[in-house]
Amino acid sequence: MTYITKPKVRHPSLPKNRLGLTTRDYEGAMSTLCAGCGHDSITAAIIQAAFDLSIDPHRVAKMSGIGCSSKTPTYFMGQAHGFNSVHGRMPAIATGANAGNRELICIGVSGDGDSLSIGLGQLCHAIRRNVDMLYVIENNGVYGLTKGQFSASADVGTKSKRGVENVSPPIDPVFLALTLGATFVARSFSGDKAQLVPILKAGIQHRGFALVDVISPCVAFNDHEGSTKSYMYTREHALPLLEADFVPAPVATDFVPIQREITTSYEPGSVNTVTLHDGSTVRFRKIPENYDPTDRDSVYSYLREREHSGEVVTGLLYVDPASADMHATMQTVERPLSEIPFEELCPGAKALEEIQRGFV
Amino acid sequence: MTTLARQQVNDFAFKIATVNGTGSSSANDLIRKTIFRMGVPASGKNIFPSNIQGLPTWYEIRVNGAGHTARTPEFDLMIAMNPATYARDIAEVRPGGWLMHDSTWPRPDALMRDDVNMLGVPLARLCNENFAGARERILMKNIAYAGALAALLGIDMAVIEELLSQTFSKKKALLDSNFLALRLGYDRARESFDCPLPMRLEKMDATRDSILIDGNTAAALGCIYAGATVAAWYPITPSTSLLDAFQAFVLKLRRDPETGRARVAIIQAEDELAAAGMVIGANWVGARAFTATSGPGISLMSEFIGLAYYAEVPAVFFDIQRTGPSTGMPTRTQQGDLLLCAYASHGDTKHILLFPADPGECFHFAVLAFDIAERFQTPVFVLSDLDIGMNDWMVPRLQWDDAYRPDRGKVLRAEELEHITQFHRYVDVDGDGVAARTLPGVHPKGAFFTRGSGHNRNGDYTEDAAEYSDVMHRLTKKLETAALSLPAPEVSTTPGAIAGIVSLGGCHRAIVEAVALLGERGIPVDYMRLRGFPFVPEVGAFLREHRRIFVVEQNRDGQLASLLSIETGFCRDKLEHVGTFGGLPLSAGDVVEHIVAALRGAAEPEHEARLPQAAGDTPVTE
């Protein structure tokens, strides 16, 4: 429950970011999720990413729907405005919030039930509109809060804790997003913070809809033998061929350089650098030959091919560096609409007289 | 043939039967606008099918110098341009009335009435002889019947030609065709008949301070003037034209002069669920946002409406009602969403409703809706309907006060947040049930978590009975406060009234006329028009002060009567339901007939003597 306040004891030597904040300042309430829940690792990664980017917490709008995953915004950035909406409908709230104030940093956290069943339509349309937000799917293949029913991401043949076998084919959010024209698509594993944090950072910086599907095992209902979303299964089948590394823009005016270096431990190999809209870059390491993360068709083919081999490819899989977000498409003014003075919005009495000449 | 040749100057009704998709609406607009420009009050009702092309459509024009512009089903003249509905159309003409038809084709003898005067004009032949293209022949036939009507009704040709010149000022060829077609019909009618008919137009000066406007256009204009910057919607008849109009106004009125970029975001949502969510999200960040929909949309939005109510987020919903249940008749009017909107969503909810009676009020109530929504941080519904929304009404010219500034309600600014120790979202400081809110991005101290789950006055999640109840009780108080800020009921009294009428919205004009007609028959009645919900105590008092109460509304089950009973505790059985619900706009006759019959059927002894003597030509007692 969110009324469990997290004790804020700060170690004096904790590193500070550009704003003078420590990672503790990016924490929220105490998690009430099950001990060992993958979602808590994702929360920690979001905290790290926001800290690294020196994001001002109160400029963040953290959004969610309903479910275990949707509780997690409570557990990070206590000083950010949060919106816990209704089941599957977070994208609409986020779309409206972004329409009203495009300067807010919108971080949505959802689950596979929330996003791929009840909320599938809204997810699709948020992708299609390219709403400027980070959209994290904490994907565990089950409905946790209602105690273990299969979600739409459960693989055929997956067994529930009670031994029931799933017979319906899954909806894969990565393929879905690629098909719908998403401009940023990534997949990671809650247990791989080293990979997840840079992906989240890139997702936040991306101007447009950044979908990050994170396999996040459910320790209570889906971490058993026969599950394809368990810790063991994911560790054994994950294919981190596409390790991504996020480097902030060197000259972007609105970018606050990070103080902590991003450390990577990948073996040296071929490196492919993709520049995002704001000048920050994503470097891909150990990429397979001919892999171009900006070529949607080849990304799709590659992922299909790996999927047939039983591998879960993780990393930043696709990015459109020239992404035009919803506001760009709608050609709205640069200022947040919520902040335009009334005087500039109301045409006034004289204009009304003029308009009414057409009504006689 | 019989002709009841009573002279009807500026007081008659006629109906044009056509096929949709044939271009008749512009001809009908032309006729109605010309009458208006002649200074004569007139209204037009478009009775159209849920279909694009090929089905029957009708346009009814009522001319009334006294300003009664509610629908009337008494037609003096029928313009029967659709063979498919000929039988039905001829049946609707009043005895002694006229029927104009296209005499190019033979008319079945079976479809005759001795008591109707037939006016045959070879419209198709005239157009075929004078126009080359097939499409033009069809289109110009409409202008030709407008020309014939001009002759028959004494419409001023100079006025109609001026209107055509303005309409086609940049299309010379089209203008020439229109002029020719108009003259073809006009001249042929003058040659063939004794023009004008006994019912005719004479110039007046009764429309100078008025405009002709439909409710959806007026509401869209209201949204522009209220400073709305986000609109999210899903197409649904009869609300779509509200967003169409909003979009059109935006192009002219909401462009940044330097960049040409829009100072507004209009999002066509994937469905009504999403539209409602977007409106809530935008309002949450402090933009004035709205949606427009109809009953089926409200059904889908209900989940979000409950969230907005409980999480206390402003949101403006225009519900342009149509007939239900389910898909019902999408292009017919009804007032069937009253209960749905009053209590939309599960759990204990109650919502603010505004009831505009005409497009003028659609404009003003639109502005008010945003103020009320923000002041009380809750959904507000503007309950219009198809008749108000899509038909052109004559209303007083819209007025705007440049001193108006939006009421943003209790929103704590950065300076205020800077000086408080800690912000708690749902604490009622002023005792009016309204707690202050903050907007995201303004100040670190303003952060709170908006949730549709149980929360206490601090905004924190709770499953504690007392904490939950505390918030729910405050919401009740908030709505009670809100009731006092809504437009007050309008009450008109008549000395010696023997009954009271209660109604709302688009019934108004029919009732005003009905009250006058009842008065002429010696049946004085009082009338209270509701303009907002929740009701103020005055509403219950009006019910108790009258021996008989007639609740006039356009639905089968008397939803307003039920709502009055639920909210005031007044006995439901004593609220007599009056009204039609078949999808056509209410007429004064519908109201008068019912009330007269009801009073006759169960007249109190002291009224019995009064009723028959004053009943005029219609007996009201056996």
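Across the interface of chain B and chain A, four salt bridges are found, a salt bridge being a side-chain nitrogen of Lys or Arg within 4 Å of a carboxyl oxygen of Asp or Glu. In one salt bridge the side chains of B:R263 and A:E344 meet at 3.3 Å, N to O. The model is predicted, so local features need pLDDT of at least 70 and side-chain atom pairs count only at pLDDT 80 or more, whereas totals for chains, interfaces and linings use all residues. Side-chain values use heavy atoms, with hydrogens and water left out, residues are numbered from 1 along each chain as its sequence is written, and chains are lettered from A and ligands numbered from 1 in the order in which they are written.

Between chain B and chain A, 22 residue pairs are in polar contact, both residues at pLDDT 80 or more. A polar contact is a pair of N or O atoms within 3.5 Å; within protein, one must be able to donate a hydrogen and the other to accept it, and residues adjacent in sequence count only if both atoms are side-chain atoms. The side of chain B that touches chain A receives two or more residues from each of several elements, including helix 1 (24-37), helix 7 (215-226) and strand 17 (449-451) of chain B. Helices (H or I, at least four residues) and strands (E, at least two) are DSSP runs numbered from the N terminus. Helix 9 of chain B gives the most to this side, with eight residues.

In total, 71 residues of chain B are in contact (heavy atoms within 4.5 Å) with 61 residues of chain A. The two chains, B and A, bury about 5,300 Å² between them, 65% of it on carbon and sulfur atoms; buried area is the accessible area (1.4 Å probe) that two parts lose on being put together, summed over both. B:Y225, B:R261 and B:F449 supply 13% of the area that chain B buries against chain A, more than any other three residues.

Strand 2 (residues 81-84) of chain A and strand 17 of chain B run parallel and are joined by three bridges; strands pair if DSSP finds at least two bridges between them. In this pairing A:F83 stands opposite B:T450.

Within chain B, five strands form an open sheet of mixed pairing, in the order 18-20-19-22-23. Strand 18 (490-492) and strand 23 (575-578) of chain B stand at the edges with a single partner strand each, so one side of each is left without a neighbour in the sheet. Strand 18 of chain B runs antiparallel to strand 20 (residues 525-530) of chain B, with three bridges, and B:V491 stands opposite B:M528.
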